[in-house]
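Here is a chain to explore by question and answer. Take a look before reading on.

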Amino acid sequence: MKFRSAVSALVLALGVLFAPGAGLAAPHDAYAVTKLTHAQATAMFRSAGITWSSSGGCSNRNNATCTSFDQLNQATAQGAVTLRHASGCALNITGGTETGHASGTYSHWNGYKLDYGKNSCVTNYIHGSFAYIGLRGDGAPQYQSGSGNIYADEGNHWDVLYYNCGGC
C-alpha cells in the first residue's frame with residue numbers, strides 16, 4: 001500500500017513539474033489540447049468583440065480562400081480573447097485552420113495559429129508589450145509575449161503562434 005501511495009505522489013509531482021507553463025516544461029512543449037468546432041470558436045470571438053473575415057466569404061476548412069476555426073485549439077481561441085481584452089484593440093481574424101498555410105506541428109492547420117489584420121492599435125500594443133526576438137527564417141520580425149506566444153509581422157497581417165492562452 002505504501003508503494004502505491006509513493007507512486008501516486010510521484011506521478012502527481014511529475015505532472016506538476018512537466019505541465020505547460022510550470023516547472024521544467026517549456027511553453028512550447030506539446031500536450032493534449034482541446035479542439036473547438038467552428039461554431040464554438042465563433043461564439044467565443046463574437047462574445048469578446050472579435051471579428052473575422054475571409055477573401056472567399058466562407059468557412060470551409062478545405063478551401064484556402066475561407067477562414068475556418070474548425071479544429072482550432074481552445075487555448076488559441078482563448079489567446080485571441082486575451083489579446084483583445086489586454087490590448088483594447090479591434091481584432092479581425094483573417095486566417096484560421098483552413099488549408100493553404102505552412103505546415104508543421106505548430107501550424108494553422110493543427111490549431112496553433114491565427115492571422116490578424118494589421119491596424120496601428122494592435123501593432124503598437126505588440127511593439128510596446130512584447131520582446132523583439134529577431135527575424136523568422138522568412139525574414140518576418142518576431143515578438144514574444146511573456147507567456148511564450150510568438151507574434152510575427154508578415155507585412156499585411158500578424159501571424160500569431162499560440163502555445164498557450166496567454167494568461168487567460
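This is a predicted model: local features need pLDDT of at least 70, side-chain atom pairs count only at pLDDT 80 or more; totals for chains, interfaces and linings use all residues.

Residues are numbered from 1 along each chain as its sequence is written, and side-chain values use heavy atoms, with hydrogens and water left out.

Q: How many helices and strands does the chain have?
A: Helices (H or I, at least four residues) and strands (E, at least two) are DSSP runs, numbered from the N terminus. From that end the elements run α-β-α-β-β-α-β-β-α-β-β-β-β. The count is four helices and nine strands.

Q: What percentage of the chain's residues count as buried?
A: Buried means under 20% relative accessible area, exposed over 50%, and partly exposed in between (1.4 Å probe, protein chains only). The chain has 168 residues. The buried share is 39%.

Q: In what order do the strands of the open sheet stand?
A: Two strands pair if DSSP finds at least two bridges between them. The open sheet has seven strands, with mixed pairing. The order is E2-E4-E5-E9-E8-E7-E6.

Q: Which strands stand at the edges of this sheet?
A: An edge strand here has a single partner strand, so one side is left without a neighbour in the sheet. The two are strand E2 (51-52) and E6.

Q: Which residue in E4 stands opposite Trp-52?
A: E2 and E4 pair in the parallel sense over two bridges. Opposite Trp-52 stands Ile-93.

Q: Which glycine in the turn between E6 and E7 has a positive phi?
A: Strand E6 (residues 131-135) and strand E7 (residues 141-144) pair in the antiparallel sense over four bridges. They form a hairpin with five residues between them. The turn residue with a positive phi, about 95°, is Gly-139.

Q: Which residue in E8 stands opposite Gln-142?
A: Gln-142 is also the bridge partner of Gly-134. E7 and E8 pair in the antiparallel sense over three bridges. In E8, the residue opposite Gln-142 is Ala-152.

Q: Which residues point the other way from Ile-150 and Ala-152 in strand E8?
A: In a regular strand the side chains alternate between the two faces of the sheet. Ile-150 and Ala-152 point one way, and all four residues of this strand (150-153) are buried. Pointing the other way are Tyr-151 and Asp-153.

Q: How many residues lie between E8 and E9 in their hairpin?
A: Four bridges join these antiparallel strands, and Asp-153 stands opposite Trp-158. Gly-155 in the turn has a positive phi of about 95°. The number of residues between the strands is three.

Q: How far from Glu-98 is the nearest side chain of opposite charge?
A: Lys and Arg count as positive, Asp and Glu as negative; His and the chain ends are not counted. Glu-98 is buried yet has no salt bridge, meaning a side-chain nitrogen of Lys or Arg within 4 Å of a carboxyl oxygen of Asp or Glu. The nearest opposite charge is on Arg-61, at 7.4 Å.

Q: Where in the chain does Glu-98 lie?
A: The side chain of Glu-98 reaches the backbone nitrogen of Gly-96 at 3.0 Å. Glu-98 lies in the loop between strand E4 (92-95) and strand E5 (113-117).

Technical notes: A polar contact is a pair of N or O atoms within 3.5 Å; within protein, one must be able to donate a hydrogen and the other to accept it, and residues adjacent in sequence count only if both atoms are side-chain atoms.
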